[in-house]
Amino acid sequence: MADSSTPPSSSSSLVSVNSSSSFPFFKCTFLDKDTDLNEIPVWNNDIRILLSYWLQQRANHDDIFGSFRSANAHIDSLGEVDVISDAEHIKKLLKVPFNKHSQISMIVHRLGRTILLDEFDVHSHLLRLEKNDWTWFRDFFLDTVLRNISVKHFYKKNKTRDELIRKDRLVKFLCQSVELPESTRSNSDNNESQPTSSRNEITAAALLQQIKDIVNANNDVEDNTNHTNYTSSPFQRTVNWTFENMKMLIGSDLPIFGDEQHPAVSLRLRDMNKPINVLTGIDCWLDNLMCNVPELAMCYHVDGIVQSYEIVKTEDIPYREGCEFHPNVIRDLATNLLSFLKANATKEGHTYWLFKGPDDDIVKLYDLTSLCETNRDDNPYTLPVATLFYKMALNMVSKSDHETRSKESGTIRTLLKHCLDMLNPEKFPEYHCAAAYMMSDLYIDDNVSEQSWTSDESDIEDPDPLEDDLPYEQDNDSHLYTCVDIKTLGQQQQQNRYRKTPDVERLRPIHGNLDRRATEALKYLVEALRSNTIHRRTQAANTSTTNSDPANEQENSSTNKDQKSKVIVPLPYKATRQSSKILIDNKNHLTNDERLKAIILHKAAAAYFCLVDRNEKEKNYGSCLRYLRLALNCYSAEAKLQSVDHNNSTTECKKLLSYIMSIAGDCRLMIAHITSAEEIEKYREQYQTMNEVDLEINKIIVEVGIDANLSEFAWVSELTPVIDRNLFASVHAYEYAINIVRNLGDHEKKRLQLLTKRFGNVRNEMGVYWMNKCAQAVKHLDREAAKETKDQFRKSFESFDAGIQAFERINDISNIALLHSNLGRLMRYYAQFYAPVVNGVRQEFSQQERQSYQKAFDYYLRGLKLVENRLDLIEVYRTLSWELSNSYFTMATSLQDYAPLSTMSQDDIEKEVIDCMTRALKYLDVELNTPSSDRYSNAKYRAATIHHRLASLLHNTFRSQNNATRRKRLRALASLHYQKALELFSPHDNPLEYLRLLIEEVALTDFELQNATDNSSRLKYSQQGLRASFQCQECIGIIEKHRISSDPDDYTEVFAQESQRLLSILNGRIQAFLKELVKIYKTTIKNKSIYEDYKEMYSISLRIDDKAKTFSKDFYDAIERLKKIYEKNTSD
């Protein structure tokens, strides 16, 4: 027994059993002294057979795929643990410094931070010449490695007589140490109060059934050396072992015994004639550490006769006499060896060989993938490694949310790239197809979301963001191997301590523009389709061969079974999030051809949707339509394949179709705005361009039986410069999308509102298009096309009305109001269209015009009512008010200029005109009260014009009115409007309008002069008119500045003629007033000087030549002289 004072081990170890089922647990009995282990224990023969099989499995340990089995069974551990291997391999490596004659031959693979270790029997696989496998490795081994090593140094399995006797005794010892279930049951009957006994009873009973099943299934274990038929030990358990900082997933088959005093103990049989050495101690210590067994029971015998037992605690084993070793040495050895492997086995997907020959002082690591002449198809590890890459990627995708998946996309992409690079699609088309599809899903998510697709979150500036080349792929490693001295492995070297950060290269996460990602996704989809084609061709060939030659059926079945048995696990692929698309079934076969093509074409349609979105933003509308055509053809093919396959997953397809139709509506609407022939030609060239990937996808579409020209969606991708066809296609596309989304459920309510709004907008666009056509027809008075114009009015009205109904469904008040405004404008054009014209001469204002204007007013007022109390829609309110004011003004102008005297009295017409003008002023107030408005200057001009027209109307009425009281009121109102108009007009901005107003005021005074009968009245009106005329001097000066301006736009011919006419009228009025004053003063005033002054003024006015070029200047100067004389007389 070990001394209790022995210092405890300083190495830390943590163990958890990773198996979901309980492993066999034996209730043991300690043998009596002098028990003969040479006798055959016939009374528990089943256990003897089981233990014999276990011992044989432990002795062989020739499963070159053991670590892959563990990795596939515990895929979550890949990339998380440092080592995956069998316990025997770990022990063998950690005993190397203590046994110079040991030999190491292990295959090493690197996956992320995880190292996979598997035993590789050189003698069995490379030195047996009858073996046809591993020829690529054998050639390298014979030419390079074996040159300096004798063949005899490669130990075969120890099959000496002594070794066989030792094994036989061990089996008999363990067999007799097991307490039989029957015995346990019998004992439990006598003591039912022991819960432990009851539990062991159940365990033992289950164990016997396991024994029978395993023995029956493995009755040919003696000849079992093929890994494809490998069956694990019945005691096999998977253990998560944390040793110091190293995490390992190991397989252990150590039988664990126990009784009431020793709940868990490992049994060892030892010949007392042979001393215990350090190798035995390390072996026992590591076994117990790995399985968390607290004690070791060592049974000593002499020639098979039991002598005694020794119970040793696990932590005391390193300090037991005869097998002393320091645990720190093992710790440093494990740390340094792992550091060596991680520092040199850096290439994922490569097969490394860790080798130490007998009596070698160094351990060598060969990169067989780089050194051997192999195309990877000959390497039996190719498929298992590629499978693990795939499963690691799948595990990361399926167990992460979208954000995490995006961050880890570089790692996932690296794993899938390794998988695809390793797999030859000609040999492994099924798995190549599945991996390629998963890679495409990494670039383009199958769950389309308009918000995520059209946002620019992923448009990150990143040079070569989708670069697929890892740095080491271009490296030419000229080193034959890397090595480490065995002596240094056990030394504490802090600089070589285990590093947590993995040394493997990773591609960068997927960012980049959406179009680049979609393009990459399509490339991998084409790869998936090609692999599927290869698989179906091979499948058909095998079926044909089997049918034609039944004798080959058994051979083909055997070949397929052997091929499939190399696949560690099935490869189901579920697309991200809620999708349930499976490429490979639970029998490791691709799903049927129709379903697989439907899945791939669905993804292709999503990728083309992304390309449409990107090209639409970049205004490459020809490319948009090409990708729309491909996307919709992919959808049609998918729908047809699903109907053949009786697959009911149409909701997802319909949802994608709604997105495609939605963006189709956007594209056709934008194309409708293109009028340049050069642009259309550029788009046509884009439309006809097809790259290799597009052609490959189109080939599959044609094979499915979809004719693009006869497709129900052919109208969507039509490239035409005809505006109304594009607008109609846009409307139809939005309607199609809305009908789909409406049936998808309430969760799509927000999208339905967005689509409805777009539909309303394009309906408005269509209405505006036809309204502009109507406006052109009205402008050109094309009566011959009256029928066509009426049809255009109808189309415009129906479009606006449909738009209003759409916006009402989503309660979009702003757009409802604006469409009412457009309807109001349409009614104004309608009124103008029905204005009577005979021989090119405008006739009286008609009743149909009046009705159309009334409809226009009604639509404007409806819109105003919707937004009148909405502060957030004040701009819409101002727009509607402006348009309504314009409508009232237009109708008033038409009534005033083309008065319907044949149907209405003059008074009624004047009342209606005044009412319309007053309303026009009312709805201009909102603009006049907003000086910052863009329409402020126009509103001022319009208000001034209205006041001017009202003043003119009242002026005319005043002239014909006989009632003195009414005349007085009309005179005051006319003057009021003249003054308001003058306040609103600017003489600098509108000199002619301002001058015209002044002259009309002068004319009003002149009219009163003409009707005056007494001299005092005539004198008053003459002087009043003269003073009013003098107010025109500022305008005359501005006109003169225009005349002498260097800018030709300041004094156009029209401006010159109108100014000349107005100034002539004004000059005539001044002459009339002065003439009247001269006549009055000649007969009534005794002061002759005043008479002479007026006479001089009259003379000055007569000398002004209104035909002269300098008329405006001469007139200005003359008024200046007249003002001075007049002011002198006034002061006198």
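Q: Which helix gives the largest share of the lining of the largest cavity?
A: In this predicted model, the lining of the largest cavity includes Ala-334, Leu-337, Leu-338 and Leu-341. Three elements, α3 (87–94), β7 (246–252) and α10 (327–344), each supply at least two residues of that lining. The largest share is four residues, and the helix behind it is α10.

Q: What is the volume of the largest cavity?
A: Searching the whole structure turns up nine cavities of 30 Å³ or more. For the largest of them, the volume is about 120 Å³.

Q: How far apart are the end C-alpha atoms of α9, and what span should its residues give?
A: Helix α9 covers residues 278–291, which makes 14 residues. At 1.5 Å a residue, they should span 20 Å. The model agrees with that, since the end C-alpha atoms are apart by 20 Å.

Q: How many residues of α9 are buried?
A: Buried here means under 20% relative accessible area. By that cut-off α9 is mostly covered, and of its 14 residues the buried ones number 13.

Q: Is Asn-292 buried or exposed?
A: Asn-292 follows α9 and sits in the loop between α9 and β10 (295–302). Its phi is positive, about 60 degrees, although the residue is not a glycine. The cut-off for exposed is over 50%. Asn-292 has 56% relative accessibility, so the label is exposed.

Q: How many of the residues of α35 are buried?
A: Helix α35 takes in residues 991–1011, and its 21 residues should span 30 Å at 1.5 Å a residue. Its end C-alpha atoms are 31 Å apart, which agrees. The helix is largely enclosed by the rest of the structure, because the buried residues number 18 of the 21.

Q: Which residues of β12 are buried on each side?
A: Strand β12 (residues 351–356) has six of its six residues buried, and both of its faces are covered. One side carries Thr-351, Trp-353 and Phe-355, while the other has Tyr-352, Leu-354 and Lys-356.

Q: What is the bridge partner of Phe-355 in β13?
A: β12 pairs in the antiparallel sense with strand β4 (residues 104–111) over six bridges, and there Ser-105 stands opposite Phe-355. β12 also pairs with strand β13 (residues 362–367), again antiparallel, over four bridges. In β13 the partner of Phe-355 is Lys-364.

Q: Which residue in the hairpin of β12 and β13 takes a positive phi?
A: This hairpin has five residues between the strands. The positive phi is near 70 degrees, and it belongs to Asp-359.

Key. Residues are numbered from 1 along each chain as its sequence is written. This is a predicted model: local features need pLDDT of at least 70, side-chain atom pairs count only at pLDDT 80 or more; totals for chains, interfaces and linings use all residues. Side-chain values use heavy atoms; hydrogens and water are left out. The expected span of a helix is 1.5 Å times one less than its number of residues. Buried means under 20% relative accessible area, exposed over 50%, partly exposed in between (1.4 Å probe, protein chains only). Two strands pair if DSSP finds at least two bridges between them. On a 1 Å grid over the protein atoms alone, a cavity is a set of points where a 1.4 Å probe fits but cannot get out, and a pocket is an open set with protein on both sides within 12 Å along at least five of seven lines; lining residues have an atom within 4 Å of a point. Grid points are joined across faces, edges and corners, and a volume is the space filled by probe spheres set on the points.
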